[in-house]
Amino acid sequence: MDIVESKQISEPIKSEAQISHLALDIGGSLIKLVYFSTNSDSSASSSSKDSVAVSSGNEGRPVLEGKLHFAKFETAKINDCIDFIRSKQLRLSGFQKHGAPAGEKCTIKATGGGAYKYADLFKEKLGICLDKEDEMDCLVAGSNFLLKAVHTEAFTYMDGQKEFVQIDHDDLYPYMLVNIGSGVSMIKVDGPGKFERVSGTNVGGGTFWGLGRLLTKCKSFDELLELSHRGNNRVIDMLVGDIYGGMDYTKIGLSSTTIASSFGKAISDNKELEDYKPEDISRSLLRMISNNIGQISYLNALRFGLKRIFFAGFFIRGHAYTMDTIAVAVHFWSKGEAKAMFLKHEGFLGALGSFMSYEKHGFLNLKVHQLVQQSPVDASRGGDKIHDPPNGELNENQSIDCSICLS
């Protein structure tokens, strides 16, 4: 997708409010939605955190002013997603392929394994066909777009400090994209449409959720994450100090508080599962998985000489402890030479890339050109401490003001 900088903004179309161009990313654990609505559509409005002024590309081309909205649902509760699409009449916002019979069903862009698994369900319940896009293509396209178009998209987080990162568009590539969903994919991105999945791990968000549910009886990811806020992993994790009598192992640079073995104390403690607090188990589990992902990600970045690593996916959810653990792991193993960076719309890269594929295929001649200005987001306060909201998610429901150019 082209990024066009211009001070001339086309006049918006004077038409009735509408919701259009829905796209889906149906993963193993979560379904993510991105859809566009015109500004006058009160039923879809939400407070916007990011805004980008948009150029029309060619003079005289009509422009729809509006917002990109983001929503998510558990895949196990897919009927809730279907009800949402029906209630918003989003099923009417697809397209018909060129030359298709007038009676052919509406088609919606979708990516992820669920686009195949649940295709018949969407056809049966909503009367729509899912036009499937490659998952990795969509992840990279969504990431590239956000890093170029949204001024305050990327940030670092360590020791309670969040700082926005200014991305030089001429020096964006190459970078490592680590997408943490049910599993983890590590993608080396060399440019628009140029990428390679270089590694991954099956220990990801699904592992945290699955093991957490078995060990704590939590019924949802959010409940498990909230539980970890109150936990103390040192009750269960074996630290270097536990082995060295409270001392550091200075010869190889390990402090007494370094985790030597996740869940290691359960070996020597004469306790059963019910003797441990669920919050301590959740905290230890979150720490173990986040550390593992941070270390593997850096080692793969090291293979290709990459200093810039972006972490995305709904495992993170803007959760301070998760981000801090990943960032510390990258900092430790790189000896401070590499930084972990996070994305504000972390969980919606695939859905956004799927949305952008409307343009790639020429349906409706959709053009979205973004850059130039952002609505007031105080990046100068990037060093201020972040405090977790009650549900632990900092990045949820942040719509993007934009315009869509149609020919």
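A crossing is left-handed if the near helix is turned anticlockwise from the far one by less than a right angle, and right-handed if clockwise. I started with that, then opened the model.

**Ground rules.** I am working with a predicted model, where local features need pLDDT of at least 70, side-chain atom pairs count only at pLDDT 80 or more, and totals for chains, interfaces and linings use all residues. Residues are numbered from 1 along each chain as its sequence is written, and side-chain values use heavy atoms, without hydrogens and water. Helices (H or I, at least four residues) and strands (E, at least two) are DSSP runs, numbered from the N terminus.

**Helices α5 and α9.** I looked up α5 (residues 205-216) against α9 (residues 278-303). They pack at about 160°, with axes 10 Å apart. Axes are lines fitted to C-alpha atoms, for helices over the stretch in contact, and angles run from 0 to 180 degrees between N-to-C directions. So α5 is roughly antiparallel to α9 (under 35 degrees is roughly parallel, over 145 roughly antiparallel, 65 to 115 roughly perpendicular, the rest oblique). Their crossing is right-handed. I noted F208 and L211 among the α5 residues that meet α9, and I281 and L285 among those on the α9 side. Contact means heavy atoms within 4.5 Å.

**Helices α9 and α10.** Next I took α10 (residues 320-334). It packs with α9 at about 40°, axes 8 Å apart. That makes α9 oblique to α10. This crossing, too, I logged as right-handed. The contact includes R283 and Y298 of α9, and Y321 and W333 of α10.

**Cores.** I then looked for nonpolar cores, sets of buried Ala, Val, Leu, Ile, Met, Phe, Trp, Tyr and Cys residues joined through side-chain atoms within 4.5 Å. Buried means under 20% relative accessible area, exposed over 50%, partly exposed in between (1.4 Å probe, protein chains only). The largest core has 63 residues, and L24 and F122 are among those with the most contacts inside it. Helix α4 (residues 135-149) gives the largest share, seven residues. A second, separate core of 36 residues includes L286 and F342. Back at L24, I found contacts with L33, I85 and F122, among others.

Most residues other than glycine have a negative phi, and most peptide bonds are trans. I found a cis peptide bond between Y173 and P174, omega about -5°. P174 lies in the loop between β8 (161-164) and β9 (175-180). D159 has a positive phi of about 55°. At 57% relative accessibility, D159 counts as exposed. K217 has a positive phi near 70°, and sits in the loop between α5 and α6 (221-229).

Key
Lists of a residue's contacts leave out its neighbours within four places in sequence.
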